[in-house]
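Subject: A structure for you to look at

Hi there,

Here is the structure I promised to pass on. Have a look at it first, and then read my notes below.

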Amino acid sequence: MRSAGTLAVVGATGQVGGVMRQILKERQVPFDHIRFFASPRSAGVVIEFSGRLVAVEDVETADLRGVDYAIFSIGATASKVHAPRFVEAGAVVIDNSSAYRMDPEVPLVVPEVNPREVHNRPHGIIANPNCTTMIAMPPLAIIDRLFGLERVIASTYQAASGAGREGVAELDAELQRPNLAALTFDGGAVDFMSPAKFPAVLAGNVIPLAGDLHDGDTSEEEKFVNESRKILGLADLRCHATCVRVPVFTGHSIAIVAECRDTPQVAELVDALKQEPGCQIVELPTPLASAGVDPVLIGRIRPDHSSTNGIAFFVAGDNLRKGAALNAIQILELLLQ
């Protein structure tokens with residue numbers, strides 16, 4: 001693997017940015033120089049990285065010349081402003097936000113699924129999928145290759161960290177309430193809580209509303225449908241998602257029913273999944289087990305007898321790691337091959 005030259009992590013002080021920094025060290029991604037960027041609020045912070053001290057630069061005012069590759073995790077609005085600036089300065093941008101995912105001239109890449117797309121980047125930008133979509137893609141791609149994927153029904157169980165540090169803090173604060181268990185067990189009201197990040201109290205609860213409502217579906221549900229079609233190269237894939245927030249800190253899970261052109265064989269699918277480094281077959285895939293783990297965890301694989309040529313399974317994955325930071329770094333590794 002050749003060196004990345006000067007590598008930038010944009011959003012280095014954020015939740016996903018911290019995971020990116022950790023994975024860069026773990027995987028020993030080669031580079032000559034590294035630069036960290038963040039908002040003006042975090043500019044000047046000094047971060048220790050692999051034995052060196054790196055000062056965080058203000059992304060709004062810094063001189064971007066010399067950056068060869070930039071990994072972004074700063075949100076869609078900021079990415080739309082700053083990604084073109086990095087490209088203009090000569091960098092290839094890997095963007096973790098929703099800003100460019102559905103742009104037909106920006107590849108949306110999962111290295112286990114469509115790695116060749118990294119070379120088709122007319123605007124110098126490669127998009128990283130939504131964390132929930134990402135977790136479903138490796139097994140669905142294998143199902144499509146083996147049996148011909150025609151329809152997907154997904155019910156997601158999304159962790160609080162998918163809503164950022166504020167979501168984690170809100171769930172943690174709710175769980176700290178000493179009388180929460182007694183109130184919920186006895187059927188009492190929990191109106192002493194005033195959720196701000198989520199539309200209802202998350203502790204001891206599930207919320208069947210993740211994202212913003214758009215004509216009945218939420219933005220998270222639309223992302224799952226649209227991004228799945230683009231990544232898999234199946235523009236006409238029939239797909240439906242219901243996205244639910246659950247009181248878990250890290251790790252998204254999805255119950256999936258896939259309908260296929262050919263009759264799926266469970267044993268054949270299991271054998272294929274075992275050969276895919278991005279997938280791990282386990283007896284009981286849970287978000288807790290997936291936290292800090294690179295592959296997505298897949299289990300409960302069984303025929304769906306309610307549909308023709310259907311197969312059901314459950315998948316869990318670390319939404320901050322494979323769902324965001326790791327996938328971006330794997331894209332960078334593809335570019336360096």
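The lining of the largest pocket divides into 16 nonpolar, 23 polar and ten charged residues. Here Ala, Val, Leu, Ile, Met, Phe, Trp, Tyr, Cys and Pro count as nonpolar, Asp, Glu, Lys and Arg as charged, and the others, Gly among them, as polar. A pocket is an open set of points on a 1 Å grid over the protein atoms alone, where a 1.4 Å probe fits, with protein on both sides within 12 Å along at least five of seven lines; lining residues have an atom within 4 Å of a point.

Please keep in mind that this is a predicted model: local features need pLDDT of at least 70, side-chain atom pairs count only at pLDDT 80 or more, and totals for chains, interfaces and linings use all residues. Residues are numbered from 1 along each chain as its sequence is written, and side-chain values use heavy atoms, without hydrogens and water.

Of the 49 residues lining the largest pocket, Gln15, Gly75, Gly162, Ala163 and Gly164 lie nearest its centre. Helices H1 (15–26), H2 (76–88), H4 (164–175), H6 and H9 (321–336) each supply at least two lining residues; helices are DSSP runs (H or I, at least four residues), numbered from the N terminus.

The second largest pocket has H9 as the main giver to its lining, with three residues. Its lining, which includes Arg27, Asp294 and Lys322, divides into five nonpolar, two polar and five charged residues.

Enjoy exploring!
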